[in-house]
Amino acid sequence: MSEIKSQKQRVDEIDRYIGNRLRLRRIMIGLTQEKLAEAFGVTAQQVQKYENGINRMGGSRLLQASQILKIPVQYFFEGLEKLEITEESPNGNADSSLLSSEITEFLYALKQIKSKKIRTQLLTFIKVLSKN
């Protein structure tokens, strides 16, 4: 029973991870949930469910998303091997939803910076900080 529960947790966390990647790319290219929903032919609420990992995106939807967002399908799975799921943490990483919202806010703020030089300096600064 524990093994089945652990597999389900992993599947749920993978759906959240893929949804997160969808949200990040959508924000990076400046698409609203409404515009993405229109391109998918679904409601904005459905896009929100994909992004939150509540509803799973099937293979055809992932392919459609990759075409709309102009990225390879593999984008949705990049970094997935680093995802850690433990039985003590029913939602995977305890900080994953917090981190997701912080990343979303960060990308939105970063997009507001018009100067490429400042964005590049900020990226360098973040890389230095992340090594500590």
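Phe106 sits in helix α5. Helices here are DSSP runs of H or I with at least four residues, strands are runs of E with at least two, and both are numbered from the N terminus. The model is predicted, so local features need pLDDT of at least 70 and side-chain atom pairs pLDDT 80 or more, while totals for chains, interfaces and linings use all residues. Residues are numbered from 1 along each chain as its sequence is written, and side-chain values use heavy atoms, without hydrogens and water.

The chain has 6 helices and 0 strands. Its pattern along the sequence is α-α-α-α-α-α. Of its 132 residues, 30% are buried (under 20% relative accessible area; exposed is over 50%, partly exposed in between; 1.4 Å probe, protein chains only). Phe106 is partly exposed, at 36%.

The second largest pocket holds about 380 Å³. A pocket is an open set of points on a 1 Å grid where a 1.4 Å probe fits, with protein on both sides within 12 Å along at least five of seven lines; lining residues have an atom within 4 Å of a point. This pocket has 13 lining residues, with Phe106, Leu107, Leu110, Leu123 and Ile126 nearest its centre. Helices α5 (96-112) and α6 (116-130) are the elements giving two or more residues to the lining. The largest share, 8 residues, is from α6.

Helix α6 provides the largest share of the patch, 3 residues.

Methods. Points joined across faces, edges and corners; volume = space filled by probe spheres on them.
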